[in-house]
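I opened the file this morning and worked through it entry by entry. My notes follow.

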Amino acid sequence: MRLPYESNAPDAKSDPVGYQRDMNMTIGRRGFIGGTAALGLTGQAAAQSRPKVFTPAPPWPPRETLMLWPSLPPGTPPGIAPSREPVPLPLGTPQRWEKGIRYPYLGVFRPQRADGRAVLVMPGGGYAFVSLINEGVNVARVLNPLGITVFVLAYRLPGERWFNRTDVPLQDAQRAMRLIRANAAHYRIDPAKLGILGFSAGGHLGGTLTVGHADPVYKARDTADSLSARPHFSGLIYPVTQFSSAGANSRSGPNLFGGPPPAGAASARFDVLTRASPAMPPLFLCHAMDDGTVPASQSIALLETARRHKVPVEAHFLEHGGHGFGALSLPPTNPGHKWLEWFATWTATHTK
């Protein structure tokens, strides 16, 4: 149900980007928080565009965002985009699990002292939702103090009436990489030190970007699309790397395809193991051996494949942790609770 908006709020038809931005600010059914009506409004201008009294802001969306597409995203059926808004799932937890993202965007988290490194984060959610806190905001909370600029991708989901549904997440991931590089000076990052970090289905998306960063999945929109979408390094955390061996508990494949993954070339495009090559960037893997959703064998197979292709790889397999431990969920008693700091140290060795 759409919430009431005052007269100066963005309109879905006349200002779809601003409308989406306001929808991103929605908190369940309780109301909304102040935010910019469109890109570029900050400080006093933003304050003037919203009421004086706000609901306390959650950690998502962040103050700074970047819309991916200058108009309707590729694959948009006629009439669908302005009529839908992101839906925060009512989980009764501090997590922000979101679906219905019609205008994908980046949440930008800048460190106080940027060292040039940057990471595009792709949260998981089985291609059914996007886990924006546990596998997004919390990543920035760890990496920002270490000098790394973090971009969290709120990407579109394949099962929401898009044309060419399987290409939709990769379209957003490619575009995000190119857009970040196009704005590298603004964000004070080195485009040659831009990598990725993907979790679960976001790990599959990250793996697909790693091997398919040049796949022609959309027509160029502007000069940013002339830039490379290749990550300089790829961190894949409890990722799905091959649908055929992911097991019955993983729903990423069926949710991507709208049913069982088909045989042949249509599915092979999204098989990270099959498409792996010596041209891949260095890999960082982390997986719990007791993961009951995505078996650790998915990462083990990628580790072996990377070694066979002589691709630099660092892998950490935790005895305990389950699935979806994200950035900050592992207790201090778990030897792997600082895995994200290990990742940050590892990126430093590959960005000199």
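I began with Lys 310, which is exposed, with a relative accessible area of 74%. The residue belongs to the loop between α10 (297-308) and β13. Its phi is positive, about 60 degrees, although Lys 310 is not a glycine.

I then looked up Arg 161, another non-glycine residue with positive phi, near 70 degrees. I found Arg 161 in the loop between β9 (149-154) and α4 (168-182). Arg 161 counts as exposed because its relative accessibility is 60% and the cut-off is over 50%.

**Confidence**

I noted that this is a predicted model. Mean pLDDT for the protein is 83, and 79% of the residues reach 70 or more. Residues 1-58 stay under 50 in pLDDT. The model still has 88 contacts beyond four places in sequence for residues 1-58. Where pLDDT is low, the predicted coordinates should not be read in detail. I left that stretch alone.

**Overall build**

I counted 11 helices and 13 strands in the protein. Of its 352 residues, 57% count as buried. I also checked contacts between residues at least 6 apart in sequence: 77% of them join residues at least 24 apart.

**Cores**

Which residues have the most contacts inside the largest nonpolar core? I listed Leu 120, Leu 197, Trp 339 and Phe 343, in a core of 75 residues. A second, separate core has 13 residues, among them Val 211, Leu 285, Ala 301 and Leu 303. In soluble globular proteins, nonpolar side chains tend to be buried together.

**Aromatic rings**

I got 16 aromatic pairs. For Tyr 238 and Phe 325, the ring centres are 4.9 Å apart and the planes stand at 75 degrees, so I logged the pair as edge-to-face. Tyr 238 sits in the loop between β11 and α7 (252-257), and Phe 325 in the loop between β13 (313-318) and α11 (339-349). The pair therefore ties together parts 87 residues apart in sequence. Both Tyr 238 and Phe 325 are buried.

I took Phe 243 and Phe 257 next: centres 5.8 Å apart, planes at 85 degrees, so edge-to-face again. Phe 243 is in the loop between β11 and α7, while Phe 257 is in helix α7, 14 residues apart. Phe 243 is buried at 13% relative accessible area. Phe 257 is buried at 16%.

I also found one aromatic cluster formed by Phe 199, Tyr 238, Phe 325 and Trp 339.

**Asp 215**

Is Asp 215 buried or exposed? I read a relative accessible area of 13%, so Asp 215 is buried, the cut-off being under 20%. Its place is the loop between α6 (201-212) and β11 (234-237). Which side chain makes a polar contact with that of Asp 215? I found Arg 275, at 2.8 Å. Leaving aside neighbours within four places in sequence, Asp 215 is in contact with Leu 170, Gln 174, Arg 269 and Arg 275.

Methods. Residues are numbered from 1 along each chain as its sequence is written. This is a predicted model: local features need pLDDT of at least 70, side-chain atom pairs count only at pLDDT 80 or more; totals for chains, interfaces and linings use all residues. Side-chain values use heavy atoms; hydrogens and water are left out. Helices (H or I, at least four residues) and strands (E, at least two) are DSSP runs, numbered from the N terminus. Buried means under 20% relative accessible area, exposed over 50%, partly exposed in between (1.4 Å probe, protein chains only). A polar contact is a pair of N or O atoms within 3.5 Å; within protein, one must be able to donate a hydrogen and the other to accept it, and residues adjacent in sequence count only if both atoms are side-chain atoms. Contact means heavy atoms within 4.5 Å. Rings of Phe, Tyr and Trp (its six-membered ring) pair if their centres lie within 6.5 Å; planes under 30 degrees apart count as stacked, over 60 as edge-to-face and the rest as tilted. pLDDT is the predictor's confidence in each residue, from 0 to 100. A nonpolar core is a set of buried Ala, Val, Leu, Ile, Met, Phe, Trp, Tyr and Cys residues joined through side-chain atoms within 4.5 Å.
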